[in-house]
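This report examines how selected residues are placed in a protein structure and how its chains meet.

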Protein chains: 2
Amino acid sequence: MAGIKHLVMAKFKEGAAVEQLLLDMKKLALELDIIKSFEWGEDVMKNDKYSHGFTHTFIFMFDSAEDVAAYMKHPRHVEYGKKFRAGTEKILAVDFPTVIDKIATA
Amino acid sequence: MAGIKHLVMAKFKEGAAVEQLLLDMKKLALELDIIKSFEWGEDVMKNDKYSHGFTHTFIFMFDSAEDVAAYMKHPRHVEYGKKFRAGTEKILAVDFPTVIDKIATA
């Protein structure tokens with residue numbers, strides 16, 4: 001499904017409650033209907049030259065830029081965002097309408 | 001489909017042949033069978049504080065880490081990589097086994 005992807009990358013602080021932050025992000029994604037899909041993962045290449053220190057990637061999909069904007073202002077997101085930022089050393093975020101050039105068929 | 005995602009972000013150089021680089025990347029993704037899916041997009045948030053200057057995101061999916069490794073060494077990738085690096089000011093890349101917590105149903 002095409003749509004707009006909200007991609008976030010993070011480098012967590014030493015001692016941050018990473019497992020809890022990941023669990024709460026999953027809950028948030030499952031609870032909010034405007035989030036159409038959510039996937040994430042932890043870098044296995046572990047090459048700082050390429051990762052720029054970011055270890056985790058989170059990809060949320062929305063139907064429209066309006067839905068992303070609504071998500072940004074949503075009280076549940078604002079509340080979670082405070083905890084997330086408190087636990088991270090670096091955050092990267094971009095929003096892009098996704099162009100799907102090849103789809104997995106199996 | 002779960003798998004391992006190879007995510008690349010780029011900031012192109014002033015004057016780089018961006019359209020050609022994008023077209024050649026699409027060709028590469030379509031030609032190589034080990035690339036199971038390929039999507040990309042250009043950031044619309046355009047907030048350097050969050051994007052760290054990266055403007056384009058490319059997401060390739062593979063079945064396994066072995067397939068990513070094979071791709072890295074593939075002559076077609078090595079050849080393309082030279083042109084890509086020559087046209088970019090900054091590159092970010094991570095590989096992550098993807099955890100799908102919510103799937104788009106429509």
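B:Thr98 is buried, because its relative accessible area is 8% and the limit for a buried residue is under 20%. The model discussed here is a predicted one.

B:Thr98 lies in the loop that joins strand E4 (88-97) to strand E5 (99-102) of chain B. Apart from residues up to four places away in sequence, B:Thr98 touches B:Ala2, B:Gly3 and B:Lys5, and also A:Glu39 and A:Trp40. With A:Glu39, B:Thr98 forms a polar contact from side chain to side chain, at 2.3 Å.

A:Lys83 belongs to helix H4 of chain A. A:Lys83 is partly exposed, with a relative accessible area of 43%. When neighbours within four places in sequence are left aside, A:Lys83 is in contact with A:Leu21 and A:Asp24.

A:Glu89 is found in strand E4 of chain A. A:Glu89 is likewise partly exposed, at a relative accessible area of 49%. A:Glu89 touches A:Lys11, A:Phe12 and A:Lys13, again without counting residues up to four places away in sequence.

The table sets them side by side for one pair involving each residue.

| Residue pair | Separation in sequence | C-alpha to C-alpha distance |
|---|---|---|
| B:Thr98 and B:Gly3 | 95 residues | 6.0 Å |
| A:Lys83 and A:Ala70 | 13 residues | 19 Å |
| A:Glu89 and A:Lys11 | 78 residues | 5.5 Å |

## Helix H3 of chain A

Which residues of helix H3 (residues 65-73) of chain A are buried? They are A:Asp67, A:Val68 and A:Tyr71. These residues lie on the same side of H3(A), because they cover an arc of only 105 degrees around the axis. The face turned away from this buried side carries A:Glu66 and A:Lys73, which are exposed.

The buried residues of H3(A) are covered by several elements of chain A, including the strands E1 (4-12), E3 (56-62) and E4 (88-97). Helix H1 (18-31) and helix H4 (75-87) also take part in this cover.

## The contact between chain A and chain B

How many residues does each chain give to the contact? Chain A gives 44 residues, and chain B gives 44 residues. The area buried between the two chains is about 3,700 Å², and carbon and sulfur atoms give 60% of this area. On the side of chain A, the residues that lose the most area to chain B are A:Glu39, A:Asp101 and A:Lys102, together 18% of what that side buries.

Polar and charged groups also meet across this interface. Between chain A and chain B there are 28 residue pairs in polar contact, with both residues at pLDDT 80 or more. The rule finds four salt bridges across the interface. The side chain of A:Glu39 forms a salt bridge with that of B:Lys5, at 2.9 Å from N to O.

The elements of chain A that give two or more residues to the side touching chain B are E1, H1, strand E2 (37-42), helix H2 (48-51), E3, E4 and strand E5 (99-102). E4(A) supplies the largest share of that side, eight residues. By residue type, the side of chain A that touches chain B comprises 27 nonpolar, six polar and 11 charged residues.

Notes:
Residues are numbered from 1 along each chain as its sequence is written. Chains are lettered from A and ligands numbered from 1 in the order in which they are written. This is a predicted model: local features need pLDDT of at least 70, side-chain atom pairs count only at pLDDT 80 or more; totals for chains, interfaces and linings use all residues. Side-chain values use heavy atoms; hydrogens and water are left out. Buried means under 20% relative accessible area, exposed over 50%, partly exposed in between (1.4 Å probe, protein chains only). Helices (H or I, at least four residues) and strands (E, at least two) are DSSP runs, numbered from the N terminus. The arc is that of the directions from the helix axis to the C-beta atoms. Contact means heavy atoms within 4.5 Å. Buried area is the accessible area (1.4 Å probe) that two parts lose on being put together, summed over both. A polar contact is a pair of N or O atoms within 3.5 Å; within protein, one must be able to donate a hydrogen and the other to accept it, and residues adjacent in sequence count only if both atoms are side-chain atoms. Ala, Val, Leu, Ile, Met, Phe, Trp, Tyr, Cys and Pro count as nonpolar, Asp, Glu, Lys and Arg as charged, and the others, Gly among them, as polar.
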